[in-house]
Amino acid sequence: MMSDEIAALGPWFQNLHLPDGTQTFPDHWLGDFPAFKWRQIAPHLPEDLTGWRALEIGCNAGFYAFELAKRGAQVTGIDSDPHFLAQARWAAARFGLESQVQFEQKQVYDLASTWETYDLVLFMGVFYHLRYPMLGLDIVARKVKKRLLFQTLTVPGEEVAEDTWDPPYTERERLLAPGWPRMAFLEHKFAGDPTNWWAPNRAGVEAMLRASGLRVTGRPGSEIYLCEPDPANPSSVRTWDAGQFQAATGLIPRLTKTLHFRHCWVNSSPGYTETCFHDGTRVEAMPEDSDEYRGKAARFGYGDDLEGLSREHEILHTFLAEALGYGASPTLWAVAHGQQGVASYWEQVEEEGWTLAFQTYLHGGPETEPLRRLTDAGLDLVTLREEARKLLR
Ligand SMILES: C[S@@+](CC[C@H](N)C(=O)[O-])C[C@H]1O[C@@H](n2cnc3c(N)ncnc32)[C@H](O)[C@@H]1O
């Protein structure tokens with residue numbers, strides 16, 4: 001009997017509606033959970049997810065993973081609790097979705113040491129269970145190619161302070177304003193559950209999402225946030241604070257090569273490149289997720305190794321800046337110091353232009369206008385190309 005199997009796998013947290021009409025937790029104290037939440041979220045996601053790879057973190061019995069799979073996505077669900085994963089695997093067979101969903105026992109922190117990224121990531125109902133919430137969010141943000149759906153328990157209050165930029169040391173009372181980003185620490189239990197650790201306010205949620213390099217694009221429901229990567233505002237763990245992330249995750253890149261320049265050095269290992277300045281700041285190379293970038297990777301002989309193309313690009317920034325007599329690459333320096341798009345903005349734009357043009361020229365492309373910046377400075381393109389090829393070998 002289906003109901004005997006359901007009882008044997010209990011207790012349940014999610015009320016799944018199985019194909020034969022039975023439900024796993026019809027008397028849920030939250031109502032028909034999470035079906036009522038899915039009804040809020042569903043219109044905000046593409047109806048056809050064919051070709052999308054999705055990750056659900058804290059998947060529990062797999063409710064959302066199954067909904068994404070029904071829309072055509074290939075889904076990986078992770079959860080730290082084997083009890084819920086047993087429910088999810090059993091239910092996958094009931095829905096006939098075993099070929100589209102896979103479930104793995106993992107902590108959110110385990111994702112730091114995997115290379116996979118996903119078109120869509122669901123991170124719902126987990127953040128407030130984390131003892132190290134910002135670390136968890138930083139790890140999750142790096143997994144997102146297109147969209148993140150985020151949900152957390154929050155404290156009441158919709159206010160969002162507009163100016164949170166650098167208050168003076170003596171103005172601590174500003175931190176007590178209702179809209180200041182904050183989190184309540186739950187030292188003991190909350191709602192009878194000792195695994196609840198934090199409850200941020202709305203301003204705090206939005207600030208932390210921004211700080212992890214994401215842009216909030218919608219709020220499908222109460223406490224639910226839809227986000228996408230914001231390349232113009234990368235997380236500081238991708239720039240000047242990368243060392244903290246590496247130390248916290250224990251991810252010491254397996255270095256295969258270090259290139260020494262006058263004002264910095266570049267560490268490269270498979271899938272990872274960072275430019276390090278002598279003042280301790282860094283910039284991590286980030287491949288773009290675009291058709292144009294993928295096309296360029298294929299044309300330049302990198303196939304689908306987008307990291308390889310971005311490594312080359314980052315190294316060329318420094319190589320050309322030093323050839324032109326700059327102290328350091330203005331762009332990499334600005335990114336490492338949180339001044340991207342602020343300090344010497346036009347210099348950064350122009351630098352991107354001649355670096356891209358040189359990268360194309362390096363791979364047999366034509367001599368285009370931005371290269372005049374190099375020739376006008378008395379540099380010989382053919383010699384420069386030979387030197388770059390030696391460096392990148
Ligand atoms: C409140 S439930 C949310 C389930 C589902 N995401 C939802 O929104 O309905 C929290 C789930 O996250 C899992 N979880 C808690 N801490 C976790 C961690 N550190 N890593 C992975 N999963 C975790 C729990 O086992 C549980 O299944």
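The model is predicted. Glycine 213, which follows helix H6, likewise has a positive phi, near 90 degrees. The protein contains 13 helices and 13 strands and is divided into domain 1 (2-229) and domain 2 (251-392).

**Helix H11**

- H11 covers residues 345-362, 18 residues in total.
- From first C-alpha to last, H11 reaches 26 Å, close to the 26 Å expected at 1.5 Å a residue.
- The buried residues of H11 are Gln348, Glu351, Trp354, Thr355, Ala357, Phe358, Gln359 and Tyr361.
- In an α-helix, residues three or four places apart point the same way, because there are 3.6 residues a turn.
- The packing partners of the buried H11 residues are helix H9 (306-323), helix H10 (330-336), helix H12 (372-375) and helix H13 (381-392).

**Helix H6**

- H6 spans residues 202-211, and its buried residues are Arg202, Ala203, Gly204, Val205 and Met208.
- These buried residues pack against helix H5 (133-141) as well as strands E6 (183-185), E7 (198-200) and E9 (224-229).

**Overall layout**

- The C-alpha centres of domain 1 and domain 2 are 36 Å apart.
- Taken along the principal axes, the C-alpha atoms of the protein fill a box of roughly 80 × 55 × 35 Å.
- Of the 393 residues in the protein, 36% are buried.
- Among contacts with a separation of 6 or more, 54% join residues 24 or more positions apart.

**Nonpolar cores**

- The largest nonpolar core has 55 residues, of which Ile57, Val121, Phe123 and Val140 touch the most other members.
- Apart from this core lies another, of 20 residues, including Val266, Leu320, Ala334 and Leu374.
- Not counting residues up to four places away in sequence, valine 121 touches Leu55, Ile57, Val140, Lys143, Val144 and Leu148.
- In soluble globular proteins, nonpolar side chains tend to be buried together.

**Ligand surroundings**

- The ligand is surrounded by 18 residues, the closest being Gly58, Asn60, Asp81, Met124 and Gly125.
- By class, the residues of this shell divide into nine nonpolar, seven polar and two charged.

**Two partly exposed residues**

- Phenylalanine 25 sits in the loop between helix H1 (2-9) and helix H2 (35-41).
- Phenylalanine 25 counts as partly exposed because it has 18 C-beta neighbours inside 10 Å, whereas a buried residue needs 20 or more.
- Leaving aside neighbours within four places in sequence, phenylalanine 25 is in contact with Trp12, Gln14 and Asn15.
- Phenylalanine 25 is 82 residues from glutamine 107 in sequence, and their C-alpha atoms are 25 Å apart in space.
- Glutamine 102 belongs to strand E3 (residues 101-105).
- Glutamine 102 has 15 C-beta neighbours inside 10 Å and therefore counts as partly exposed.
- Glutamine 102 and glycine 77 are 25 residues apart along the chain, with 6.2 Å between their C-alpha atoms.

How values were computed:
Residues numbered from 1 in each chain as written. Predicted model: local features only at pLDDT ≥ 70, side-chain atom pairs only at ≥ 80, totals over all residues. Near = placed C-beta within 6 Å. Nonpolar A, V, L, I, M, F, W, Y, C, P; charged D, E, K, R; others polar. Helix = DSSP H or I, 4+ residues; strand = E, 2+ residues; numbered from the N terminus. Expected span 1.5 Å × (residues − 1). Buried ≥ 20, exposed ≤ 12 C-beta atoms within 10 Å, placed from the backbone. Contact = placed C-beta atoms within 7 Å. Core = buried A, V, L, I, M, F, W, Y, C linked by C-beta atoms within 7 Å. Domains from an automatic or database assignment.
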